[in-house]
Structure formats: structure tokens, C-alpha cells
Amino acid sequence: SAEVIYGKQLAEELREEMKEEVKGLKEHGIYPKLVVVIIGEDPASKSYVRGKQRASEKVGLDSELIELPETTSEQELLELIERLNQDETVHGILVQLPLPNQIADQKVIEAIDPSKDVDGFHPSNVGKMMTGQETFYPCTPYGILVMLKRAEISLEGKNVVIIGRSNLVGKPVGQLLLNENATVTHCHSRTKNLQEHTRKADILIVAAGKPGLISAEDISEGVVVIDVGVNRVEGKLTGDVQFESARQKASYITPVPKGVGPMTITMLLHNTIKAAKRIHNNQ
Ligand code: NAD
């Protein structure tokens, strides 16, 4: 049965390392600061934001939470972002998505200074990732990459099958693994004969948001399974993979919770520290 990759444990190790790094930066007068903006009262978004704040403070980052009402106009939000762009004490800006209907997500993403875009969603940073340049990578895909690397799972030439093609997870994780010389296939809701693809995977990344979508029948012996899905079923968090059945066949598998989730937040902290170092080096 598979070795379980606990992202939570790895995340804790990485955060210990970051804590030391932040201490060192502060000794040089650099105080990395993350500002998180949240609009409205969505309970899931609020809980994500709280997690991000708690993690930031634990590694010693300065963190500020700006909470705005559901009725905030696009103009007000854009003005706030402009202020944060100009503020030299702020290194990372994160606007929690999704936004209320009166605000266009894409406009907001593009308003953030790319050098403070710790989510890695700005088209300029997406383009850099796509052309293999050093930049901020989106946190969930980056967390998956780091997990695979730390588990010493080789990527070169491997058949990586990804279920999902969102801008948030599916597409960027495919791009990062392509940059590592994997052979990448994206499946999605219009894919025919999904099982034919998933059975060919050496590494299967499932980011569909469909509880239990993948079972032992869909995978081959020895596959590495990364379950990105976060679904609430009868009050319990569960992934897109039927964990107990899949782990009998897989060589490695990530659980939900305690898998990919904690790595996502860790990469946000990493990106914030990186932003602070870069901004400082350019001054
Ligand atoms: P999304 O809804 O934007 O995209 C889902 C993708 O899955 C789409 O491309 C769709 O075509 C595909 N899909 C849906 N049903 C399918 C099916 N039956 N067969 C094949 N493909 C199918 O979602 P997202 O933002 O990419 O997130 C995906 C999942 O990952 C969600 O459960 C989300 O909660 C989770 N997530 C987890 C983290 C984390 O840190 N752990 C971060 C972001 C998202």
C-alpha cells in the first residue's frame, strides 16, 4: 500500500526554515509584510484568510487583514490596491477570490503590482511562468511541485495526467510540471473516456472538486496520486480521490485534509518572503 505524503508535515518543516530566514531579514531591517484583502462574509473565504494570517504571523511576517463590506465598489477596491502598490512597507498583496458580482476578478488581478503579486495570478507573472522565467508561481501548483520534489519523485519524462484546467490549479500545475520535462495531459469535464487517460498516468493530479471521482479502478499499479480536491461532504472535508481504495494500488498518495492544503499556504509565505527580498534588492 502507498506511502502517504503528508503535506502538513512538510509544510511545518518549511515554515521552521522560513522562520529562521525571516529572523535574518529583520536583522537587516527588512520586515516582510503581507496584506490580505477580503470582501464580504463568505465563510469559506473567511476561514482561508484566517489560516493565511495565522501562518504568516507564526513565521514572523507582518500581516494585515483588510475587511471590506460586500457592497464595496470596483473603484474603491482598485484605489485601495493602488495605495498598497505604492506603500513601500507592503511586499505582498493578496485579494481573496471570488469577489462579489459588481467587481471583475480579472481587473483586480491586473491592478496588483506584479512585483507584489504573491498569488502569481497577474498575466505578467503567468506569462513568465509559461516562458520558463523565474517569477511568483501560484501557491497550490507550486506547493504540489515542492511536495513531489521533496518526496524525490522524478518528473522528467513521466506521464503526468491532470484532471482540471482551471486558471487557479489545473493549468498552472501542468505548466510547472511541463517546465520540469514531464509529459503532461490535461483532462476536464468534456474529456471522453477519462479512465483511459488516468490509467496511463505515472503521476495523477486530481483537481476537479468532485468528491470520490477517482477510485482504484481508474489508476494503475504504482501511480503517484495527488489529491487537490477540497469538498465538504456531510460536514466532513474530503478529496476527489477515494483514498482507502486508491492507496492499495498507488505508490504515493496525498490525504485530504493534511495534504496539499497546508502546502498552499506555505508557498504564499514563501512568495511573500521572496517579494520582500526582491523589492529590497532593487532599492
Ligand atoms: P474549478 O471548478 O475551477 O475547476 C474544476 C476543473 O475540473 C474544471 O477544469 C473541470 O473541467 C474539471 N472537472 C470537473 N468535473 C470533472 C469530471 N467529472 N471529470 C473531469 N474533469 C472534471 O476548480 P478549481 O478552482 O480548479 O479547484 C479544484 C478543486 O481543488 C476544488 O475542490 C477546490 O476546492 C480545490 N482546491 C484546493 C486547494 C488547496 O489548497 N488544497 C486550492 C485550490 C483549489
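How close do the axes of helix α1 and α10 come, and at what angle do they cross? In this predicted model, the axes of α1 (residues 7–27) and α10 come within 9 Å and cross at roughly 15°. The two helices are therefore roughly parallel, an angle under 35 degrees being counted as such.

## Overall architecture

The protein chain contains 10 helices and 11 strands. Along the principal axes, its C-alpha atoms occupy a box of roughly 55 × 40 × 35 Å. A compact globule of 283 residues would have a radius of gyration near 19 Å, and the protein chain agrees with this because its own value is 19 Å.

Of the 283 residues, 42% are buried. Among contacts with a separation of 6 or more, 69% join residues 24 or more positions apart.

## Annotated domain

The unreviewed UniProt entry lists residues 5–119 as "domain: Tetrahydrofolate dehydrogenase/cyclohydrolase catalytic". Over residues 5–119 the chain is 50% helix and 16% strand.

## Packing around helix α10

Helix α10 spans residues 260–282 and packs with both α1 and α2. The crossing of α1 and α10 is left-handed. On the α1 side, the contacting residues are G7, K8, L10, A11, L14, R15, M18, E21, V22 and L25. Their partners in α10 are V260, G261, P262, M263, T266, L269, H270, I273 and A276.

Helix α2 (residues 43–58) packs against α10 at an angle of about 55°, with the axes 10 Å apart. These helices are therefore oblique to each other, and their crossing is right-handed. Here G51, K52, A55 and S56 of α2 meet I265, L268 and L269 of α10. Residue L269 of α10 takes part in the contacts with α2 and also in those with α1.

## The enclosed helix α7

The buried positions are G170, K171, P172, V173, G174, L176 and L177.

These buried residues pack against two helices, α5 (123–130) and α6 (139–150). They also pack against the strands β5 (159–163), β6 (183–187) and β7 (203–206). After α7 comes N181, which has a positive phi, near 75°.

Note on methods: Residues are numbered from 1 along each chain as its sequence is written. This is a predicted model: local features need pLDDT of at least 70, side-chain atom pairs count only at pLDDT 80 or more; totals for chains, interfaces and linings use all residues. UniProt positions are given in the numbering used here, feature names are shortened, and annotations may be inferred rather than shown by experiment. Helices (H or I, at least four residues) and strands (E, at least two) are DSSP runs, numbered from the N terminus. The radius of gyration is taken over C-alpha atoms; the globule rule is 2.2 Å times the number of residues to the power 0.38. A residue is buried if 20 or more other C-beta atoms lie within 10 Å of its own, exposed if 12 or fewer, and partly exposed in between; C-beta atoms are placed from the backbone. Two residues are in contact if their C-beta atoms, placed from the backbone, lie within 7 Å. Axes are lines fitted to C-alpha atoms, for helices over the stretch in contact, and angles run from 0 to 180 degrees between N-to-C directions. Angles under 35 degrees count as roughly parallel, over 145 as roughly antiparallel, 65 to 115 as roughly perpendicular and the rest as oblique. A crossing is left-handed if the near helix is turned anticlockwise from the far one by less than a right angle, and right-handed if clockwise.
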